[in-house]
Amino acid sequence: MKLLALAMGVLVAVPASAATTFRIMPPDGGVLAAGQRFDLRVEATSDTGTPPQGLKVVLNGRDLTGRNQAPADGASPSAVAFLLRDFSVSVPGPLLIRATTSDGAAADAALTVGAWQGQRATVPRARNIILLLGDGMGAAHRTAARIVSRGVKNGKAASRLAMDTLDVTGMVMTGSLNSIITDSSPGMAAYSTGQKNNNNQEGVFPDNTANAFDNPRIEYLGELLRRTRGSGFNVGIVTTADVTDSTPAANAAHTADRFAGPAIAAQFFDERQTNAVTVLLGGGSRHFVPKAAGGSRPDDRQLTDEYARAGYVRAQTASDVHSLLAAATPPAAILGLFHPSHLPVAFDKVGAGTYSDELAQPENRAYRDTPMLEDLTRLALRSLDTHSPAGFYLMVEGASIDKRAHAADAERTIWDTIEFDRAVQVALDFARGTNTDRDPTNDTLVLVTADHECGGMAIIGVGNERYRPSTLGRPVRDYAAVFRFDPVQQLPFFPNYTVDARGFPNEPDPSRKLLLGWAAAPDRYENWLANRTMTEAAVVEKREGGLEVAIANSARDTAEPVAGPATPPPTCRSRPPDQARGSSPASTRTPTSF
């Protein structure tokens, strides 16, 4: 299981000669699992316009040059390449890749091969692995979910989230191979391969070819364990996103283009014997159907039919999921596609008919029976546990923590974090059963993490119920109760949400609600109130000359009047009387855009 925790530095090797530069993949500083398969690629590029001559590749003193599988014509007129696919090193220890050319240029990449198998009397061995990933979930997202869902009493959390109960907590550095700010593809792939990838790429290293599906590969954890444990080991992928989206795909698909949905969907199916994916649950149904049938596929493949012929049971609604959960024996293979794109978010599923109107929209009629993440997790575990005698790897993603943080949509971000935490509880309950029974060979390892933080989210404070805004402008700022300036402003600084049995608030806008701010968010209007429909913070405005500019969306949190305080607040001595209330001149100014 060490593969999941391997951390590594990245350094592109620099040659001695200025005329020739090298790129060696896997990169310098990497750590490979013993026996893990990878494609070794070396590119030598000349600044003279003609390719370098005499490229030689040596690994730990062993000349591999004669095993080159790269096409002779090359990808660039000024470059030459070496490629060796499906290579592995079984003996732990240092690994040195050295590349040279006839002009005297040379470069090295020093890696490490780590042991992960063998008997360790003092360390329990896990048969099953459950990795739960809150996409974009930073410390503030987690803290906000705890405050809203669990409450605060006497300065302490009234109770803890499921993810708070794990034995070990740490921090992780998430930079990708080519950026200090990762996106979700290399963010997930770092866990599932132990390697750093470029942004927008998953399960591959960069190369100089145009084909997004011929890049040098690195073996995923699920592929490694299927190959070493046999056909009794299976993989499950569960997400609230499109199943071809970055995080789910970065557990089984190998591509330099995270947006190639139809090709990723096909790769899921075509390589199912090696990627071991027997449970695939989420959205993205359009990528499984041709354009002529309403999908996005440029070919004629009906992947849903191909899955059915291969023995996968289809699920399309929450009712389907509940039926499969109630079955005496769960299916061995399941394809659950519940939306053409991403699934509806928790705020809209839980709040349907009360505080959310999103699913009441006619265009969303077909998605009102959409499952919760915890039920998808429960179904995946039932199937994998029943049909995986050699163990399983399950990845569960709470995807819209990230997607709604991108939109600075505070309530939907928090609600999805709560939904994700409920899936964490399902996983912990399963692991508690396997780890406390009399069978020492069926233990389960549970990890909860994130691929990166999204939005630069921070907790500002608590809504000041004496200054609830009536319009945008200064009253909106006054509503953010952060400091106490005057005795008359001695206010309760704890939120007053009430929650249902699942931990979701009954009302998203109590008089003292939690207020969130964003350091990395689009321009937007803000009135601190939950939006009844899922509206984006910014829109693109076309201007003269074809220029497109992102501006705050006037359809969200506009200057229209909103509910004010029930009773007028007392005038505060710290500000002039004409600015003490929502009737002040400040409250009628042009709406403030944040």
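**Helix packing and the sheet**

Guide: Helix α1 (residues 139–150) and helix α12 (residues 410–436) pack with their axes 9 Å apart, at an angle of about 85°. Axes are lines fitted to C-alpha atoms, for helices over the stretch in contact, and angles run from 0 to 180 degrees between N-to-C directions. The model is predicted: local features need pLDDT of at least 70, side-chain atom pairs count only at pLDDT 80 or more, and totals for chains, interfaces and linings use all residues. Residues are numbered from 1 along each chain as its sequence is written, and side-chain values use heavy atoms, without hydrogens and water.

Visitor: How are α1 and α12 oriented to each other?

Guide: Their angle is about 85°. Angles of 65 to 115 degrees count as roughly perpendicular, under 35 as roughly parallel, over 145 as roughly antiparallel and the rest as oblique. α1 and α12 are therefore roughly perpendicular.

Visitor: Which residues of α12 meet α1?

Guide: Contact means heavy atoms within 4.5 Å. From α1 come His141, Arg142, Ala144, Ala145, Val148, Ser149 and Arg150. Their partners in α12 are Thr413, Ile414, Thr417, Ile418 and Asp421.

Visitor: What is the strand order in the open sheet of seven strands?

Guide: Strands (E, at least two residues) and helices (H or I, at least four) are DSSP runs, numbered from the N terminus. Two strands pair if DSSP finds at least two bridges between them. The pairing here is parallel, and the order is β14-β15-β13-β12-β16-β9-β17.

Visitor: Which strands stand at the edges?

Guide: Each edge strand has a single partner strand, so one side of each is left without a neighbour in the sheet. These strands are β14 (313–315) and β17 (444–449).

Visitor: Which residue of β16 is the bridge partner of Thr239?

Guide: Strand β12 runs parallel to β16 (residues 392–398), and six bridges join them. Five bridges join β12 to β13 (residues 277–283), where Gly236 stands opposite Val279. In β16, the partner of Thr239 is Glu397.

Visitor: Why is β12 described as largely enclosed by the rest of the structure?

Guide: Buried means under 20% relative accessible area, exposed over 50%, partly exposed in between (1.4 Å probe, protein chains only). β12 spans residues 234–242, and it is largely enclosed because its buried residues number nine of nine.

Visitor: What covers the buried residues of α5?

Guide: Helix α5 (residues 261–270) has eight of its ten residues buried. Among them are Ile264, Phe268 and Phe269. The cover includes β12, α4 (246–249), α6 (272–275), β13 and α7 (303–309).
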